[in-house]
Amino acid sequence: MGFKAVIFDLDGVITDTAHYHYLAWKRLADAIGMPFDLAFNERLKGIDRMGSLELILGAAAATTTPERKLALADSKNTYYRQLIADMSAADLLPGAVAALEAVRGAGLGIGLASVSKNAVEVLARLGIAERFDVVVDAARIARGKPDPEIFLTAAHSLGVAPADCLGVEDAVAGVSAIKRAGMVALGVGLPEVLTEADLVISGLDRFDLASLQALSPQAAI
Ligand code: BG6
Ligand code: MG
């Protein structure tokens, strides 16, 4: 007995679009004279577009009109879409396809949980859309990470109890969402950043399904 499904985040786990999000926000922040660096960007990972803009604006958010916020968010998305325009399977991170094949080969369900409105397009550009049994993106949820809704929706669509799911995330907010969903969290990144994760690996090239199965609550029974 072990996990029955694995639910992957997209940006920063399967492909390095987390860096493209950073570059696009940096370009916007520079244009409007707001401070922005890699350390601040860590707080934006996994946070939806408007939520990220609010964090960048900080105190200025209260005096910025909704119309202006929409225009700023659109600008960032235009920059971001320029960066993803030439993406292909070559942009899959090391170990991503092998991890998906290992999960499939073991007969487990495969879900994607991304709050990005560009997730479907990025999946298509990477050529991996058909590898997922279930894709939950911004269009299917009301609340972004760290709310557990996106992971719970993915588990429900897969027909698997949350406790039987392994969630895989590079974002602090994403790991928090997985834990709030009652799942085991595999962090991708640095242990000192992803402190809430049950285990942290540096990348999917370190994804070893056989040893990860030991993290399943079922494995202890
Ligand atoms: C998440 C990223 O996957 O998607 C965030 O980690 C991003 O950085 C969010 O803000 C929303 O993406 P988009 O493409 O809808 O602006
Ligand atoms: Mg991510």
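Start by selecting F8: leaving aside neighbours within four places in sequence, F8 is in contact (heavy atoms within 4.5 Å) with V13, I14, L100, V103, I110, G111, L112, A113, F132, V168, L204 and F207. Before you go on, know that this is a predicted model, where local features need pLDDT of at least 70, side-chain atom pairs count only at pLDDT 80 or more, and totals for chains, interfaces and linings use all residues. Residues are numbered from 1 along each chain as its sequence is written, chains are lettered from A and ligands numbered from 1 in the order in which they are written, and side-chain values use heavy atoms, with hydrogens and water left out.

Buried means under 20% relative accessible area, exposed over 50%, and partly exposed in between (1.4 Å probe, protein chains only).

Step along to D9, in the loop between β1 (5–8) and α1. Is D9 buried or exposed? D9 is buried, with a relative accessible area of 5%. Show side chains and look for K145: the side chain of D9 makes a polar contact with the K145 side chain at 3.1 Å. A polar contact is a pair of N or O atoms within 3.5 Å; within protein, one must be able to donate a hydrogen and the other to accept it, and residues adjacent in sequence count only if both atoms are side-chain atoms. Not counting residues up to four places away in sequence, D9 also touches others, including I14, L112, S114 and E169.

**Two helices**

Helices (H or I, at least four residues) and strands (E, at least two) are DSSP runs, numbered from the N terminus. Select α5 (residues 96–105), where A96, A99, L100 and V103 are buried. Look down the axis of α5: the buried residues fall within an arc of 95°, so they line one face of the helix. The arc is that of the directions from the helix axis to the C-beta atoms. Covering those α5 residues are, among others, β1, β2 and α9 (209–212). After α5 comes G107, with a positive phi near 80°.

Then move to α6 (residues 119–126), whose buried residues are A119, V122, L123 and L126. They cover an arc of only 100° around the axis, which puts them on the same side of α6. They pack against α1 (17–32), α4 (66–84), β2 (109–113) and β3 (134–136). Just after α6, G127 takes a positive phi of about 75°.

**Last stop: D91**

Find D91 in the loop between α4 and α5. At 25% relative accessibility, D91 counts as partly exposed. Among the contacts of D91, leaving aside neighbours within four places in sequence, are Y20, D86 and L126.

**Zoom out**

Show the chain as a cartoon to see nine helices and six strands. The C-alpha trace spans about 55 × 35 × 30 Å along its principal axes. Buried residues make up 48% of the 221 residues.
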